[in-house]
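I opened my notebook beside the structure viewer. These are my entries, in the order I looked things up.

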Amino acid sequence: NDSKALMIYIHIPFCVRKCLYCDFLSAPADEHTKKAYMEALCREIHEKSVRYKDYKVSSIFFGGGTPTAVEADWIRQVMEILRKDYHISEDAEITMEMNPGTVDRQKLETYKELGINRLSIGLQSANNEELRILGRIHTWEEFMQTWKLVREVGFTNVNIDLMSALPGQTLESYRQTVEKVLVLKPEHISAYSLIVEEGTPFFDWFDEEANGGVSFAKEVADYVK
């Protein structure tokens, strides 16, 4: 087989609410904006395919943002164009990034039907106070509802994202998060440290505190009220 390997990343920059630490290209948007972006994305995927006729796609990754924040029909359209215009390996890994609270059973069943065979769930912490400080839209309980659905629908290759070095986090609270997640037996865990990036509320608040201004903890408390 003379085909060259190709890995495809699909960026969907929409989210329900931007997290306080996030510097990715992402933001909430209305349905009109989502429609305009997804139509342009579908056009581009189709038009670029002529360059890759000699390639075999080994993996596809839907990232963001929160790709599950758009209607499942848009994901269907993207997958249909990919299957029509690209040579996708039978054993290609196709991943959907998602956040708890942004999927229901119907969405998950649609993803499965479309051949998406791996999910990556942004949990970050099992501690509700830590989630609140991060500006996350979900609780541990909502994550567990999503997790139950994911397994019931039949996904058997699932990653859970965890984050350490959170404001107010202790070694013990991080250990509790890890232990709670290990009990679930996900196929993979991505464990990474918080990085305070320029251009985020976290960066501004830490900077203000460092310069003798309002404390970071108070800024967070005022924001999440």
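**Entry 1: Lys 185**

I started with Lys 185, which is exposed, with a relative accessible area of 64%. The cut-off for exposed is over 50%. I keep in mind that this is a predicted model. I found Lys 185 in the loop between helix 6 and strand 6 (188-193). Then I checked its backbone. Lys 185 has a positive phi of about 55°, although it is not a glycine. I noted the background too: most residues other than glycine have a negative phi, and most peptide bonds are trans.

I looked up Gln 124 next. Its phi is near 75°, a positive value in a residue other than glycine. Gln 124 sits in strand 4. Is Gln 124 buried or exposed? It counts as buried because its relative accessibility is 3%, and the cut-off for buried is under 20%.

I also checked Gly 154, which follows helix 5. Its phi is positive, near 110°.

Then I turned to omega. A cis peptide bond joins Gly 64 and Gly 65, with omega at about 20°. Gly 65 belongs to the loop between strand 2 and helix 2.

**Entry 2: the whole chain**

I stepped back to see the layout. The chain holds eight helices and six strands. Along the sequence I read the pattern β-α-β-α-β-α-β-α-α-β-α-β-α-α. Of the 225 residues, 46% are buried. I also looked at contacts between residues at least 6 apart in sequence. Of these, 75% join residues at least 24 apart.

**Entry 3: the largest nonpolar core**

Which residues touch the most other members of the largest nonpolar core? I wrote down Ile 10, Phe 62, Ile 75, Leu 82 and Leu 108. The core has 47 residues. Helix 2 (residues 72-85) gives the most to this core, with seven residues. In soluble globular proteins, nonpolar side chains tend to be buried together.

**Entry 4: helix 2**

I tested the length of helix 2. At 1.5 Å a residue, its 14 residues should span 20 Å. The end C-alpha atoms are 20 Å apart, so the two values agree. The buried residues in helix 2 are Ala 72, Trp 74, Ile 75, Val 78, Met 79, Ile 81, Leu 82 and Asp 85. What do they pack against? I listed strand 1 (4-12), helix 1 (31-48), strand 2 (55-64), strand 3 (87-98) and helix 3 (105-113).

**Entry 5: helix 5 and what lies around it**

I ran the length check on helix 5 (residues 140-153). Its 14 residues should span 20 Å at 1.5 Å a residue, and the end C-alpha atoms are 20 Å apart, which agrees. Trp 140, Phe 143, Thr 146, Trp 147, Leu 149, Val 150 and Val 153 are buried in this helix. Their cover includes strand 3, helix 3, strand 4 (118-124), helix 4 (128-134), strand 5 (158-164) and helix 6 (171-184).

Asp 104 and Leu 149 are 45 residues apart in sequence, but 7.6 Å apart in space, C-alpha to C-alpha. Asp 104 lies in the loop between strand 3 and helix 3. It is partly exposed, with a relative accessible area of 40%.

The other pair is Leu 123 and Phe 143, 20 residues apart along the chain. Their C-alpha atoms are separated by 6.9 Å. Leu 123 is in strand 4. At 0% relative accessibility, Leu 123 counts as buried. Beyond its neighbours within four places, the contacts of Leu 123 include Leu 131, Trp 140, Phe 143, Ile 160 and Val 181.

I finished with the second largest pocket. Its volume is about 220 Å³. Strand 1 and helix 1 are the elements that give two or more residues to the lining. The largest share, five residues, comes from strand 1. Among the lining residues I noted Tyr 9, Ile 10, Glu 44, Lys 48 and Tyr 86. How many of each class are there? I recorded eight nonpolar, one polar and two charged residues.

Note on methods
Residues are numbered from 1 along each chain as its sequence is written. This is a predicted model: local features need pLDDT of at least 70, side-chain atom pairs count only at pLDDT 80 or more; totals for chains, interfaces and linings use all residues. Side-chain values use heavy atoms; hydrogens and water are left out. A nonpolar core is a set of buried Ala, Val, Leu, Ile, Met, Phe, Trp, Tyr and Cys residues joined through side-chain atoms within 4.5 Å. Buried means under 20% relative accessible area, exposed over 50%, partly exposed in between (1.4 Å probe, protein chains only). Helices (H or I, at least four residues) and strands (E, at least two) are DSSP runs, numbered from the N terminus. The expected span of a helix is 1.5 Å times one less than its number of residues. Contact means heavy atoms within 4.5 Å. On a 1 Å grid over the protein atoms alone, a cavity is a set of points where a 1.4 Å probe fits but cannot get out, and a pocket is an open set with protein on both sides within 12 Å along at least five of seven lines; lining residues have an atom within 4 Å of a point. Grid points are joined across faces, edges and corners, and a volume is the space filled by probe spheres set on the points. Ala, Val, Leu, Ile, Met, Phe, Trp, Tyr, Cys and Pro count as nonpolar, Asp, Glu, Lys and Arg as charged, and the others, Gly among them, as polar.
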